[in-house]
Amino acid sequence: MVMSKTIAIFLVSMIIVTYYIAFSAAQTPTSAAPVATPTSAAPVATPTGCPMVGHNCTGTTPCCSFFGTCGSGSVECGPGCIPEFSEFGACS
Ligand SMILES: *[C@@H]1O[C@H](CO)[C@@H](O)[C@H](O)[C@H]1NC(C)=O
């Protein structure tokens with residue numbers, strides 16, 4: 001019993017020491033890390049039209065729906081419709 005307790009204390013000590021070494025190394029950088037310098041704003045997604053179909057909606061299915069599909073019903077042209085990808089830039 002005494003032996004196993006000693007081993008347990010030893011193992012816990014080793015774990016603590018290991019964490020201490022790893023933590024110390026991580027906290028003491030030898031030099032300043034290079035700071036990222038973005039030259040421009042976040043990349044804007046290339047417009048590829050209504051998401052699910054890959055093009056803008058036209059013709060008999062002029063509305064790009066909330067789901068990214070084209071159609072002419074109240075679902076496609078209703079709330080959530082994306083005017084940028086719909087015919088004439090409007091959900092109608
Ligand atoms: C869809 O329409 C938008 C807004 O007019 C335009 O920016 C985009 O290039 C068009 N996409 C396609 C695939 O024609």
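The following questions and answers explain how terms are applied to this predicted model.

Residues are numbered from 1 along each chain as its sequence is written. Because the model is predicted, local features need pLDDT of at least 70 and side-chain atom pairs count only at pLDDT 80 or more, while totals for chains, interfaces and linings use all residues.

Q: What makes up the pattern of the protein, read along the sequence?
A: The pattern is α-β-β-α, which corresponds to two helices and two strands. Helices (H or I, at least four residues) and strands (E, at least two) are DSSP runs, numbered from the N terminus.

Q: Why does C70 count as buried?
A: A residue is buried if 20 or more other C-beta atoms lie within 10 Å of its own, exposed if 12 or fewer, and partly exposed in between, with C-beta atoms placed from the backbone. C70 has 23 C-beta neighbours inside 10 Å, and therefore it counts as buried. C70 lies in strand β2 (residues 70-71). Leaving out residues up to four places away in sequence, C70 touches C50, V53, C57, T61, C63, C64 and E76.

Q: Is P62 buried or exposed, and how do you know?
A: P62 has 20 C-beta neighbours inside 10 Å, so it counts as buried. P62 belongs to the loop between α1 and β1. C77 is 15 residues from P62 in sequence, and their C-alpha atoms are 8.1 Å apart in space. Residues up to four places away aside, P62 touches C57, S72, S86 and E87.

Q: What makes a set of residues the largest nonpolar core here?
A: A nonpolar core is a set of buried Ala, Val, Leu, Ile, Met, Phe, Trp, Tyr and Cys residues joined through C-beta atoms within 7 Å. The largest such set has ten residues: C50, C57, C63, C64, C70, C77, C81, I82, F85 and C91. F85 touches G49, C50, N56, C57 and C64, not counting residues up to four places away in sequence. In the protein, buried residues make up 15% of the 92 residues.

Q: Why is G89 called exposed?
A: G89 has 11 C-beta neighbours inside 10 Å and therefore counts as exposed. G89 is placed in the segment after α2. Beyond its neighbours within four places in sequence, G89 is in contact with P83 and E84.

Q: Is F88 buried or exposed, and what makes it so?
A: F88 is exposed, because 10 other C-beta atoms lie within 10 Å. F88 is found in the segment after α2 (74-77).

Q: What is the phi of F88?
A: F88 has a positive phi of about 65°, although it is not a glycine. Most residues other than glycine have a negative phi.

Notes
Two residues are in contact if their C-beta atoms, placed from the backbone, lie within 7 Å.
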